[in-house]
Amino acid sequence: MGDVKRKDSKVEGQKIIEAGYVTVNDLKKVGNIPSDEIVERYAVPIIDCLEEIPCTPCHDVCPTGAIVMPTMNDRPRVKWEACTGCTLCAQACPGLAITIVNIPFAKKMFKRDDLALVSIPYEMLPIPKKGDKVIVYNRGHELLGEAEVFSVIKSPKFGTVLVNIVVPRKWAYEAKYIELKR
Ligand code: SF4
Ligand code: SF4
């Protein structure tokens, strides 16, 4: 299922379980946050899946082979240079474990360097719509603040809803959960 050597994913997964939830620092340590150079150029998937579980939809759906899993039990790792930011892995993940961070789009659309578009898988009802305000939380369910919904897509193949929100760039990797503001 790929040529990336299996490393210490079991140890990494156990460490995360002990911590209770994945943090951005954890993601950095295991290589799940791309370099500044990559994130300036492409939309990128941020994968919170650090445990060894027999699950492969993200790998199977990726059209460019950018998600590498030496065996079906290994955690997914991204070959950043092969990723096109297509979002299919986020659509396919049954665990809603993948967000997509898109800095280039935010720069082009809003002509600003301090914003990011983040695609968040969402399974609650009602589904937010463009222009709605949402409250944004990090992985520890700590409040980050408020954001606006830029667009919403529903995966034709998987049915997953991705809510695209515009956030301050400093939240790009932190933003994980949203709640529709009423
Ligand atoms: S965003 Fe698309 S190209 Fe990148 S890893 Fe996910 S499925 Fe593959
Ligand atoms: S599809 Fe989701 S839960 Fe399954 S291995 Fe990929 S990231 Fe993990």
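This is a predicted model: local features need pLDDT of at least 70, side-chain atom pairs count only at pLDDT 80 or more; totals for chains, interfaces and linings use all residues.
For me, buried is under 20% relative accessible area with a 1.4 Å probe and protein chains only; over 50% would be exposed, and in between partly exposed. Strands are DSSP E runs of at least two residues, helices are H or I runs of at least four, and both are numbered from the N terminus.

**Housekeeping.** I number residues from 1 along each chain as its sequence is written, with chains lettered from A and ligands numbered from 1 in written order. Local features need pLDDT of at least 70, side-chain atom pairs need 80 or more, and totals for chains, interfaces and linings use all residues, while side-chain values use heavy atoms, without hydrogens and water.

**Its partners.** Pairing takes at least two DSSP bridges between two strands. Strand 4 runs antiparallel to strand 1 (residues 44-47), with four bridges. In that stretch I found proline 45 opposite isoleucine 100. Strand 5 (residues 115-122) is also antiparallel to strand 4, through three bridges; there, asparagine 102 faces leucine 117.

**Ligand 2.** My nonpolar class is Ala, Val, Leu, Ile, Met, Phe, Trp, Tyr, Cys and Pro; Asp, Glu, Lys and Arg are charged, and the others, Gly among them, are polar.

**Pocket.** Ligand 2 takes up the space of the largest pocket. A pocket here is an open set of points on a 1 Å grid over the protein atoms alone, with protein on both sides within 12 Å along at least five of seven lines; lining residues have an atom within 4 Å of a point. To sit in it, a molecule needs more than half of its atoms within 2 Å of the grid points. I noted about 750 Å³ of space, counted as what probe spheres set on the points fill, with points joined across faces, edges and corners. The lining has 37 residues, and Gly95, Leu96, Ala97, Lys176 and Tyr177 are the closest to the centre. By class it splits into 27 nonpolar, two polar and eight charged. Strand 9 gives the largest share, four residues.

**Methionine 69.** Last, I checked the loop between strand 2 (67-68) and strand 3 (77-78), where methionine 69 lies. Methionine 69 is buried because its relative accessibility is 0%.

Notes
On a 1 Å grid over the protein atoms alone, a cavity is a set of points where a 1.4 Å probe fits but cannot get out, and a pocket is an open set with protein on both sides within 12 Å along at least five of seven lines; lining residues have an atom within 4 Å of a point.
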